[in-house]
Amino acid sequence: MADEDCMRLALEEAHRAAEFGEVPIGAVIVVRGEVVSRGFNRPLGNIDPTAHAEIVALRDAAAAIGNYRLNEAVLYVTLEPCLMCVGALVHARVHRVVFGAREPKTGALGSTIDALAIPTLNHRFEVTGGVLEDECREVVQHFFKSRR
């Protein structure tokens with residue numbers, strides 16, 4: 001599957017988050033060309049500050065494959081992951097992360113910090129940013145404009 005196709009699936013998840021009144025961020029995890037999990041932001045609904053789209057997708061992917069180490073996994077997420085999510089992605093040993101829009105306030109893959117530059121990390125993953133960037137940014141901007 002092409003990066004753009006997978007990001008469109010993540011955008012579907014972002015729209016689901018918005019339907020539940022959550023910040024519209026969606027994620028999809030692909031292993032060997034197959035979608036193994038999907039997730040969208042759920043901190044409000046789950047009353048869980050860790051229920052970011054990436055974490056939800058990681059948990060479901062680990063359960064689906066029967067291993068918390070996801071070393072063949074590619075995560076597609078509509079917004080640049082925060083520091084918490086990058087930490088979880090490192091621990092899960094994902095192979096690659098593809099994100100849509102940069103997050104200038106909390107993005108930890110280059111926007112506010114490059115978490116992968118921490119020299120003591122025992123794992124690093126490939127990063128591709130800017131896939132369907134305009135569409136991903138628009139979903140978040142529309143959500144917050146509608147709230148004002």
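Predicted model: local features only at pLDDT ≥ 70, side-chain atom pairs only at ≥ 80, totals over all residues.

Residues are numbered from 1 along each chain as its sequence is written, and side-chain values use heavy atoms, with hydrogens and water left out.

Start with the core. A nonpolar core here is a set of buried Ala, Val, Leu, Ile, Met, Phe, Trp, Tyr and Cys residues joined through side-chain atoms within 4.5 Å. Buried means under 20% relative accessible area, exposed over 50%, and partly exposed in between, with a 1.4 Å probe and protein chains only. The largest such core holds 44 residues. Those with the most contacts inside it are Met7, Ile29, Leu58, Leu75, Val86, Val94 and Phe125. The elements that give it two or more residues are helices H1 (3-19), H3 (53-65), H4 (83-92) and H5 (133-147), with strands E1 (26-31), E3 (73-79) and E4 (96-101). Helices (H or I, at least four residues) and strands (E, at least two) are DSSP runs, numbered from the N terminus.

Take Leu75 as a way in. Contact means heavy atoms within 4.5 Å. Leaving out residues up to four places away in sequence, Leu75 touches Ala27, Val28, Ile29, Glu54, Ala57, Leu89, Arg96, Val97 and Val98.

Now the helix pairs. Two packed helices are described by the angle between their axes and the distance between the axes. Axes are lines fitted to C-alpha atoms, for helices over the stretch in contact, and angles run from 0 to 180 degrees between N-to-C directions. H3 and H4 pack at about 20°, with axes 9 Å apart. H3 is therefore roughly parallel to H4. That label applies to angles under 35 degrees; over 145 is roughly antiparallel, 65 to 115 roughly perpendicular, and the rest oblique. On the H3 side, Glu54, Ile55 and Leu58 meet Met84, Cys85, Ala88, Leu89 and Ala92 of H4. By class, this contact of H3 with H4 has seven nonpolar, no polar and one charged residues. Ala, Val, Leu, Ile, Met, Phe, Trp, Tyr, Cys and Pro count as nonpolar, Asp, Glu, Lys and Arg as charged, and the others, Gly among them, as polar.

H1 and H5 pack at about 5°, with axes 10 Å apart. So H1 is roughly parallel to H5. Met7, Leu11, Ala14, His15 and Ala18 in H1 meet Glu135, Cys136, Val139 and Phe143 in H5. The residues of that contact divide into seven nonpolar, one polar and one charged.

Two helix residues deserve a look. Ile55 sits in H3. Ile55 counts as buried because its relative accessibility is 8%. Beyond residues up to four places away in sequence, Ile55 touches Thr50, Met84, Cys85 and Ala88. Asp3 lies in H1. Asp3 is charged, yet counts as buried at 17% relative accessibility.

Last, the backbone. Most residues other than glycine have a negative phi. Arg32 has a positive phi of about 50° although it is not a glycine. Arg32 is in the loop between E1 and strand E2 (34-40), and counts as exposed at 68% relative accessibility. Leu132 also has a positive phi, near 50°. Leu132 lies in the loop between strand E5 (126-128) and H5, and is buried, with a relative accessible area of 14%.
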